[in-house]
Amino acid sequence: MNARLIRRRRFVARHHYRRGGWTEERNRAVFRAQVEPHEHRWLVEVHVVGPIDPETGFTTDLARLDEELDAVLSGWDGADLNHVVPEVREGDELPTTESLARWIYHRLDGRLSPPAKLERVGVFESEELGAEYPA
């Protein structure tokens, strides 16, 4: 039987939605007030699944998980996510909760102590709105 370990990180950061190739009118029609930079108190949840080690009682090496997660989220607290996430900065993605969950998942996947596996990443920009990847 496997167990699920859930690690959470909180931070405050800004973001906004705007497509470079779109007119101001189109950006405002699609993204409305979200075209302006605005701040959230973000929550990231990392779900790790694996057997409980009979010697340690752990599913994974928590220190290693923390190191990897801290490296992925480095520089995000107090930042503008439009500037710190490379794919967003380059205009390839928007900093939506869905995109951020996918982005974090792909950077953590395969970096945890086996046999534990990353199951999913949740990103929440508020108590009312969040996304998980994969679904």
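Predicted model: local features only at pLDDT ≥ 70, side-chain atom pairs only at ≥ 80, totals over all residues.
Visitor: What makes up the chain, and in which order do the elements run?

Guide: The protein chain has 5 helices and 4 strands. Starting at the N terminus, the order is β-α-β-α-α-α-α-β-β. Its C-alpha atoms fill a box of roughly 60 × 25 × 25 Å along the principal axes.

Visitor: How much of the chain is buried?

Guide: Of the 135 residues, 42% are buried.

Visitor: Let us go to the aromatic rings. Why are F11 and W42 called stacked?

Guide: By the pairing rule the count is 6 aromatic pairs. The ring centres of F11 and W42 are 6.2 Å apart and their planes stand at 10°. The cut-offs are centres within 6.5 Å and, for stacking, planes under 30 degrees apart, so F11 and W42 are a stacked pair. F11 belongs to strand β1 and W42 to strand β2, so the pair ties together parts 31 residues apart in sequence.

Visitor: Are F11 and W42 buried or exposed, and how do you know?

Guide: F11 has a relative accessible area of 8%, and W42 has 1%. Buried means under 20%, so F11 is buried, and so is W42.

Visitor: Why is the pair W76 and W103 called tilted?

Guide: The centres of these two rings, W76 and W103, lie 5.6 Å apart, with planes at 35°. Stacked needs under 30 degrees and edge-to-face needs over 60, with the rest called tilted, so the pair W76 and W103 is tilted. W76 sits in the loop between α2 and α3 (81-84) and W103 in helix α5, so this pair links distant parts of the chain, 27 residues apart. W76, at 2% relative accessibility, counts as buried, as does W103 at 8%. Ring pairs join F11, W42, W76 and W103 into a cluster.

Visitor: What makes R26 a charge over a ring?

Guide: R26 lies over the face of W22, at 3.9 Å from the ring centre. The distance cut-off is 6 Å from that centre, and the value of 3.9 Å for R26 and W22 meets it.

Visitor: Now the charged pairs. How do you know that R8 and E45 form a salt bridge?

Guide: The closest N and O atoms of R8 and E45 are 2.7 Å apart. A salt bridge needs such atoms within 4 Å, so R8 and E45 qualify. The pair links distant parts of the chain, with R8 in strand β1 (residues 2-15) and E45 in strand β2 (residues 38-51), 37 residues apart. By this rule the count comes to 13 salt bridges.

Visitor: What makes D70 and R9 a salt bridge?

Guide: Their closest N and O atoms are 3.0 Å apart, and the limit is 4 Å. D70 is in helix α2 (residues 62-72) and R9 in strand β1, 61 residues apart. D70 is partly exposed, with a relative accessible area of 39%.

Visitor: Which parts does the salt bridge of R111 and E68 tie together?

Guide: R111 and E68 have their closest N and O atoms 2.9 Å apart. R111 lies in the loop between α5 and β3 (117-124) and E68 in helix α2, so the pair ties together parts 43 residues apart in sequence. R111 is partly exposed at 39%, whereas E68 is buried at 15%. Elsewhere, R4, E119, R120 and E132 are linked in a network of salt bridges.

Visitor: Why is D92 called exposed?

Guide: D92 has a relative accessible area of 53%. Exposed means over 50%, so D92 is exposed. D92 is found in the loop between α4 (86-89) and α5 (97-108).

Visitor: Which residues does D92 touch?

Guide: Not counting residues up to four places away in sequence, D92 touches R19 and E87.

Note on methods
Residues numbered from 1 in each chain as written. Heavy atoms only, no water. Helix = DSSP H or I, 4+ residues; strand = E, 2+ residues; numbered from the N terminus. Buried < 20%, exposed > 50% of the residue type's maximum accessible area, 1.4 Å probe, protein only. Contact = heavy atoms within 4.5 Å. Salt bridge = Lys/Arg side-chain N within 4 Å of Asp/Glu carboxyl O. Lys NZ or Arg CZ within 6 Å of the ring centre and 35° of its normal.
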